[in-house]
Every structure is written in structure tokens, then in C-alpha cells.
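Biologist: I'd like to go through this structure with you. Can we put it up and talk about what the words mean?

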Amino acid sequence: MKRSRLAQVAVTATVATGLVLSGCGHAGLPSGQSNSTINVLTTDASQMQNLKKLTMKYFTARTGINVNYTMLPENAARERMNREFATQAGHYDVASVSAYEVPIYSANGWLTPLNSYAKADKKFDQGDVFPNLVASLTGKDGKLYAEPFYGEGSFLMYRKDLFRRDGVTMPANPTWEQVARLAARLDGTDGANGICLRGLPGWGQNLAPINTVVNTFGGAWYDMGWNARLTSPDFRRAVGFYVHLLRTYGEPDAQRMGVLQILSRFVQGKCAMMYDATSLASSIEADSSPVKGKVGYVPAPHDKTMRSGWLWTWAWGIQKASRKKNDAWKFISWASSKQYQAEVGRELGWTAAPAGSRESLYDNPEYQKAAHAWYRQEYTAETQSADPKDPGVAPRPYTGIGFLAIPEFAVLGTAVSQQIGSAIAGQQSVGTALQKSQDLAQASAAKHRGE
């Protein structure tokens, strides 16, 4: 669930050097406005870039609060955020934390609870935020530690025109076995691969969809005693299915293909189906897209469970060490608000509005019109995805759908994804990849077992 990059280098931008009203500078600020600067650390995803563009006009001009953005590629942003929050250095007031960081950071006391701020801020309308996102951003102590900026689920995208040409029909709620049969039938139609899936190693790349397959096939990374289960029959079947599907009917050189690469292939008409993030639909249906209007959307495929798919969000959290928590909340209140979504819609177009977090956006006729091809399915994927606390069949001691909400997972997940990537490349068998991964997972959970 890693988002697209606008740059591969660190970008540090300072927005708003000072507010001038009627030639009086800050001395002319209306009553109640601040005269301070907050520092915000974020990824350089396109949605964050849009936020930066609108900050001066819609936030600083109203509040007098200047915003210094530090925007970094996702891996670099995570590295700095981990270092900053672990030391509580206080350099950043707000950071774009994800559903992965919040459980870890909140358990360590690195984030500020937001319940009292949200309760006092009636215009924010906390009840409008999707409950499942609220749950994913709530700590074990029951306190809310971040507010979602945007969210995403996953669904299956398919070429309606190719399906019609081959005389096949997409089920309304497909199973993975049905998807495999369709991929076999459609592979080669008009030069397209049967299906495109992430093969590139990375815990946010190939492991994100693979984990949803593992969950719905009945697998789990650990049992309730924190014993690794990566060589269990259900886990083996899930990974074996994914690797076989990709190697047989997927894109060539799949082990090098991440989310951006398969999106490009799908838009170019080289894939009959693609299983990935709901946030990709706006690119697929863009005016410049060769497949605009030719794509259908259905829920994430399932197997033993009735629901599948992932749930992800980038959200705003306040560092516990921040000395400007009130101003930091004002920023979050704006950046995660219905008002901000409307501002993006007016300025940049409604399909650019950060979606997947609020009920009201999906009730908005303007968003419905702009996103008519996919907004209903996006809403369903967001609100009816697998439960992060219970995403599969087997009981588990951790939470998370496309990831495990434990500190060790960033390193462990990357290592396992590399082993599976080697299997996708045909360099080793799935069994060998999972045996190596089993050993890695067992060692990573030693402290959880009290060893």
C-alpha cells in the first residue's frame, strides 16, 4: 500500500513566510488567529503535494499559522519519522503516520491522543469519518491517535470490452478460483495478459496483495503463541496460488513490477484484469487514459472468507513532544476536513479530492458525477473490507490486513517479500521461499514469545 512518488529525492518546502493583511503584517490578524509556525513531516505523494499548494490560501490566510513542510519519498519519510518520534526530538509537530505506525507509536507513548480535540471541534464532524479507519487509528488504550487524510481499499479491475469480446462475465463477488479461470480464458486476448499483480519485493509492494490472499485462504503469519506459520498448508496454498497465477497469466518480468508499473500496463491496455488499490481508479479513468470508460470494478476476490481486500490510510498525528499542539490540531482539523475536500474539488477537480475517509464525500453529487465509474465500488471496498482485527479464518495475536502491526514487520516483511520475489522470478520454489521465510519469522517473534 505504498503510494506513488512525485520525486525520488528529498524535497523540503517552506510554505508561507508570513501573512500580510491590509499592509499591517501579523499585527493586523483578526482576533483568535495565531502567529506561529508548525513543522509537518510527510511523504511526497501527490495528495500531499496538493495539500501544500492549497495551504497558504485556505489555512494560513484564515489562521495565521505558517506551515513548514518536509516532504520525502516514503521510505526516507518513515526513516526520519521513526528516528524523530522514538527520540521525541520535537522538531516536527505533525507527521503523516500510517495505519502501520499508529499502533506502534501509540503503544510507546510517542503520539498525542486526539479525542478531546475532536470532541471540542464540532465543525470537524468526527462521526462523518469511516469507523473502520477510526478503529485502525485507535490504540489499545481505546484512544484516537490520528485522523485520516485519505484511505484506500482494494478491488479487482477488469476490461469490460475484452470480457464481452470473449463472451465471459465477471461475477459480482468473485472468488480467487474464478479469477484464475478468467485469467486463463482471457490471457492473450488483444495482446493483454490475463491479470496483472504486484511482483516487486517490498512489504508495501508484492506482500500487500499477497497478505490479503493469505488471509482469505485461511493462513496467518503466527498462531496465538507467536509461533511462525508460514509453512502451514493454508499459507503455502495462498502463496503458491499467487505465484502460479502471476507466473502463468501475469505480466512479463513480474518480479520487477510494482504498483506503478502494473498501473501503467493496465492503462496501456496490456492487462485484462488487475487487483490493486482503489486509489488507482482516478488514473485509470483520467481523460488521458486509453482505457477510460472500458473498466469495471468488483470487490476484492475471496476464498474461505466472505470479504477480502486491504484497508490503508495515511493520517495525521501530533508528536507527543510538540509544544504547539493546539496549532497542530488546527492544521489536522483543516487537512482532514470536509471543507478541505471541497476546496480540492473546486481548485483541482473532484477526482483529486482525498477520498476513502468520509461518508459525506460519497454523498456529494459533484464527487459522484466525477467518479461515477468507481465511487460506489470504492465506497464498498473502504467500508466493507476485511476487519484489521480479524481479517481471516485463523486466530492471530496481531492486527493488520496487508501488514502486521508489530515493529519487526518492516524488516521481516521486506525479507519475506524478497524470498517470494525470487519464487516469482523462478529462481527458487515457493516451498523453499517459505521455509526460509518461516525461519526469519520465527526468529523475529522471539521477544513476543518471551525468549
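Biologist: How many helices and strands does the secondary structure of the protein chain come to?

Modeller: It comes to 18 helices and 9 strands. Those are DSSP runs, numbered from the N terminus: helices are H or I with at least four residues, strands are E with at least two. Bear in mind that this is a predicted model, where local features need pLDDT of at least 70 and side-chain atom pairs count only at 80 or more, while totals for chains, interfaces and linings use all residues. Residues are numbered from 1 along each chain as its sequence is written, and side-chain values use heavy atoms, leaving out hydrogens and water.

Biologist: Why is strand β8 called largely enclosed?

Modeller: Buried means under 20% relative accessible area, exposed over 50%, partly exposed in between (1.4 Å probe, protein chains only). In β8 (residues 295-299), 4 of the 5 residues are buried, so the rest of the structure largely encloses it. Across the whole chain, buried residues make up 57% of the 451.

Biologist: How do you know that β6 and β8 pair?

Modeller: Pairing takes at least two DSSP bridges between two strands. β6 (residues 154-159) and β8 have 5, in the antiparallel sense, so they count as paired. One of the bridges joins Phe-155 to Pro-299 in β8.
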